[in-house]
Amino acid sequence: MKLFGLLIGIDNYAISKLNQCVNDINKVENYLNTLNGRFSAFQLKKLTNENATKENIVDAINSFLSQAGDDDVALVYYSGHGAQEESNGRFVDEQTGVIDCLVACDGDR
């Protein structure tokens with residue numbers, strides 16, 4: 001079993017800066033590194049601050065995490081601003097009518 005971990009941490013938003021999100025993913029990275037010997041392959045990719053754009057996040061999901069097979073672990077850990085938007089029926093099992101979203105560094109916050 002392989003592990004592919006995408007770690008995203010954003011402190012430097014144009015508005016509403018945060019202080020500990022990059023530190024959060026560094027701590028998660030340190031923890032995951034203690035598990036390294038439990039997987040046949042172990043790869044982590046970090047996107048922080050200005051590198052954590054919508055384009056880079058989507059690209060990392062499509063190109064990096066897509067390498068995981070059926071028996072592998074694909075992990076996304078995100079620390080940053082969140083938002084909600086109306087689901088407009090896209091997710092029929094969403095009872096509240098809104099979905100939770102992450103906000104990329106180049107988001108509107």
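This is a predicted model: local features need pLDDT of at least 70, side-chain atom pairs count only at pLDDT 80 or more; totals for chains, interfaces and linings use all residues.
**Exercise 1. Work out which residues of helix H2 are buried, which are exposed, and why the buried ones line one face of the helix.**

Solution. Helix H2 spans residues 54-64, and within it Ile57, Ala60 and Phe64 are buried. Viewed down the helix axis, the buried residues of H2 fall within an arc of 75°, and therefore they line one face. Turning to the other side of H2, one finds Lys54, Glu55 and Asn62 exposed. It remains to ask what covers the buried residues, and the cover includes strands E1 (2-9), E2 (41-48) and E5 (98-102).

**Exercise 2. Identify the residues that touch the most other members of the largest nonpolar core, and trace the contacts of Ile57.**

Solution. The largest nonpolar core has 14 residues, of which Leu6, Ile8, Ile10, Leu47, Ala52, Ile57 and Leu65 touch the most other members. Strand E1 and helix H2 each contribute at least two residues to this core. Taking Ile57 next, and not counting residues up to four places away in sequence, one finds that it touches Ile8, Leu47, Ala52, Leu102 and Ala104. There is also a second, separate core of eight residues, among them Leu3, Leu7, Leu32 and Phe42.

**Exercise 3. Describe the order of the elements along the chain, and then characterise the chain by its burial, its contacts and its charged side chains.**

Solution. First, count the elements: there are two helices and five strands, and from the N terminus on they follow the order β-α-β-α-β-β-β. Second, consider burial, where 30% of the 109 residues count as buried. Third, among contacts between residues at least 6 apart in sequence, 63% join residues at least 24 apart. Finally, the chain carries 9 positive and 16 negative side chains, with the centres of the two sets 7 Å apart.

Note on methods:
Residues are numbered from 1 along each chain as its sequence is written. Side-chain values use heavy atoms; hydrogens and water are left out. Buried means under 20% relative accessible area, exposed over 50%, partly exposed in between (1.4 Å probe, protein chains only). Helices (H or I, at least four residues) and strands (E, at least two) are DSSP runs, numbered from the N terminus. The arc is that of the directions from the helix axis to the C-beta atoms. Contact means heavy atoms within 4.5 Å. A nonpolar core is a set of buried Ala, Val, Leu, Ile, Met, Phe, Trp, Tyr and Cys residues joined through side-chain atoms within 4.5 Å. Lys and Arg count as positive and Asp and Glu as negative; His and the chain ends are not counted. The place of a charge is taken as NZ of Lys, CZ of Arg, CG of Asp or CD of Glu.
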